[in-house]
Amino acid sequence: MNNKKYSKAINQSNNYFTKLVHLIKISIRIQVILAFILCILFSLLVFFISSPFFVSQDRHLDFTEGIVTIDERARDMVTQLNRMDQNLNGLITELGNKDRDFRDKFLNRSIPSSKKDEEWIKIPSEETKFYQLTKKELILYLLNSSRNRNNFDAFITDINGKILFKTAGVNEAQVSIKNIKEDAEKSLIIKNHEIPTVTRMYPITLNDGHNYLVVRGTPKSTTVYTKETGVTPYLLGLITFILCFYLITKQKMREIEEIALGLMEIAKGNLNYRIREKSKDEVGSLATNINYMASELNEMIERQRQMEKLKDELTTNVSHDLRTPLTSIMGYLRLVKDHQYKNQQQLDEYVDIAYGKSVQLKKLIDDLFDFTRLTNEGVQLKKENVSLSQMLRQLMDELDPIANDNNVKFTSDFPKEQIMMEVDPNQMVRALENILMNAIKYSTPPRNIQVKMSKNIQSVQISVSNPCESLSRDEVVRLFDRFYRVDTSRSSQQSGAGLGLAITKSIIELHHGTINADYQNQVITLSITLPFHENM
C-alpha cells in the first residue's frame, strides 16, 4: 500500500514538473523572469565570494557611551538639586544609604568651631545617629562626587551668569549664559567619532531661585573597529549579472534576429522563404505566424495571377463565344438580304439557323449576366419548403429524352420518404439541371448516369456520377472555374461557354452548401451537400 502511495506521489510530481517545463517553454515572460532571477543569484554569489578579498578595516574612537553617561549623571544631579527644596531629609537619607563616602563624611560628625555660625542640617539615620552638614556642603558634595566619577566639571550659576557653586576644576567666577547656551547647542550636533567637549545646561530651582546647572567635560571613549567593503565586489556582481543575462538570452536574441532577417527577406518579395521555428513560446508563435502570412501572401498572389489569367481567358472566350453565333447570324441574314436563296424552303432554313444562333447567343448573354449577379451576391434567394427528391426526379424525367439522344440513361437511388428543404426552387432547379446536362454531354456512351440522394441529421447529399474520358487532376480541380471547358478547343462539338458548373457552384454556396468533384477509374462524381440548419 505504501509503495502504491509512493508511486502515485512520484507520478504526480512528474506530472507537475512536466506541466511546469511546458509552461516555461510556451511563455517568454516566464523565461525572462527566470533568467532575471538566475542572473541576480549568480551576481549575489560572486559578490559574497569576492567581498572578503576587498574588505578594509577602519579604527576610530566612539564617544557615544561617554556622552550618554554624562547626560544621565547630569540629569541625576538636576533631580537631586531640585529635591533639596522639596524633600531634603529624604535626599540626605537616600545618599547616606547608597553612598559610603557620604556616610563617612557627614554621619555623626562633630561641628567645627569655625563653622558654628552657619546653618546646619541635622537629620537622624537608621542607626540612631545623625547626619550633620550645611546646605552648601551638600551641593558641593553632589557636584564633586559626580565630577570624580565621570571626569567632568560642574557649576551652578544664577540667571546673570555668576557662579555660586563649582567643582575644583572650575576657575571662573562669572560666565556668559549666552555663550554657555551656544556651546551646549553645538555639542549636541558633534559626531560620535569626533573628540568632543560636552557642554550641557539645565535649569534648576535652588533656594526658591532660578539657577542653571552647567556640566562641561570630555566623555570617555571606546575603540570601534569597522569593516568597509569597496566598490569592487559590487562591480564584479554587476558584471556577472550583465554577462549571465547576455549568455542566457543570447539564443533567444539570435532567434529574434533570424525572424527580423526573415521578415526582410520576405519583404524583398521572396515569399517562399520560411523562418525556422525554434521554440514554442511567443517568439516561436511569431515565426509560425510570419510563415503562415508568407504562405497566404504567396497563395493570394498566385490566385491573383490565376485571376489575371482567367481574365485574359475571359476576354478571349467571350469574344469567341459571342462572335461565333453572331457571325453565323450575320452570314445567313446577308444571304436573306441579298436574296441568295433558291426557294421558300431554303429561305426558311436560313431564318431557322439564324434564329437558333440568336437563341444560343441570348443564352450565353443570360448566363454571363446570371453568373455576374450570383458571384457578386446580387441575388436574394426566395426560399420555399419543397420536396428536393421530387424536384430531382422531375428534372430527370424532363431530361430523359436528351439522355436517350446521347445514348445514356439515368439510374437513381433515392430514399423512400420525401426530403423536404427550404430552398429557392428556381435557382436550385437551375443548379441541378446544369449538373445533369453536364453529365449527359460528357458521358461516354453507352453507359448509365447514376444519381444518388441521402440525408442525415444535419444535411442532404446529392451525387451525380458518369463515365467520362480521362481527366487530369488539374482538369478536375478547375471544373468549377468560369469559362473552363475540358475540351480546350472552342470549336468543340459540345455547346456551352463553360459557365454552367460555375453558376451551379455559386447557387449552392448561396444556400450555404458545398460542391466538389472526384475522379476515379474514369468515372467523375459531382457531390452536393446542403445543410438543414442553414436553410430552415
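# Close-up views of a predicted model

**View 1. Helices α12 and α14 cross in a left-handed sense.** A crossing is called left-handed if the near helix is turned anticlockwise from the far one by less than a right angle, and right-handed if it is turned clockwise. Helices (H or I, at least four residues) and strands (E, at least two) are DSSP runs, numbered from the N terminus. This is a predicted model, in which local features need pLDDT of at least 70 and side-chain atom pairs count only at pLDDT 80 or more, while totals for chains, interfaces and linings use all residues. Residues are numbered from 1 along each chain as its sequence is written, and side-chain values use heavy atoms, with hydrogens and water left out.

Helix α12 covers residues 425–442 and helix α14 covers residues 500–510; they pack at an angle of about 145°, with their axes 9 Å apart. Axes are lines fitted to C-alpha atoms, for helices over the stretch in contact, and angles run from 0 to 180 degrees between N-to-C directions. On the α12 side, Q427, M428, R430, A431, N434, I435 and N438 take part, and they meet G500, L501, I503, T504, I507 and I508 of α14. Sorted by class, the residues of this contact are 7 nonpolar, 5 polar and 1 charged. Here Ala, Val, Leu, Ile, Met, Phe, Trp, Tyr, Cys and Pro count as nonpolar, Asp, Glu, Lys and Arg as charged, and the others, Gly among them, as polar. Contact means heavy atoms within 4.5 Å.

**View 2. Helix α2 packs against helix α8.** The two helices, residues 28–50 and residues 232–267, meet at an angle of about 150°, and their axes are 8 Å apart. This makes α2 roughly antiparallel to α8. (Angles under 35 degrees count as roughly parallel, over 145 as roughly antiparallel, 65 to 115 as roughly perpendicular and the rest as oblique.) The crossing of α2 and α8 is right-handed. Residues of α2 in the contact include I28, F36, F42 and S50, and those of α8 include P233, F241, F245 and K252. The contact of α2 with α8 has 16 nonpolar, 5 polar and 1 charged residues.

**View 3. Aromatic rings pair up in this structure.** A search of the whole structure gives 6 aromatic pairs. For F36 and F241, the ring centres are 5.4 Å apart and the planes stand at 85°, so this pair is edge-to-face. F36 belongs to helix α2 and F241 to helix α8, so the pair links distant parts of the chain, 205 residues apart. Rings of Phe, Tyr and Trp (its six-membered ring) pair if their centres lie within 6.5 Å; planes under 30 degrees apart count as stacked, over 60 as edge-to-face and the rest as tilted. F36, F241 and F245 form one aromatic cluster. F36 has a relative accessibility of 41% and counts as partly exposed. (Buried means under 20% relative accessible area, exposed over 50%, partly exposed in between, with a 1.4 Å probe and protein chains only.)

**View 4. Y332 and Y350 form a tilted pair.** Their ring centres lie 5.5 Å apart and their planes are at 50°. Y332 sits in helix α9 (residues 282–337) and Y350 in helix α10 (residues 344–375), 18 residues apart. Y332 is partly exposed at 26% relative accessible area, whereas Y350 is buried at 12%.

**View 5. Helix α3 crosses helix α4.** The axes of α3 (residues 64–86) and α4 (residues 88–98) come within 6 Å and cross at roughly 135°. This makes α3 oblique to α4. Q80, R83, M84 and Q86 of α3 make the contact with L88, G90, L91, E94 and L95 of α4. By class, the contact has 4 nonpolar, 3 polar and 2 charged residues.

**View 6. V175 is a buried loop residue.** V175 lies in the loop between β5 (163–166) and α7 (177–188), and its relative accessible area is 12%. Not counting residues up to four places away in sequence, V175 touches F155, T157, N160, G161, I163 and I180. The C-alpha atoms of V175 and N160 are separated by 8.3 Å, and the two residues are 15 apart along the chain.

**View 7. N407 has a positive phi.** The value is about 60°, although N407 is not a glycine. N407 is in the loop between α11 (388–405) and β10 (409–413), and at 45% relative accessibility N407 is partly exposed.
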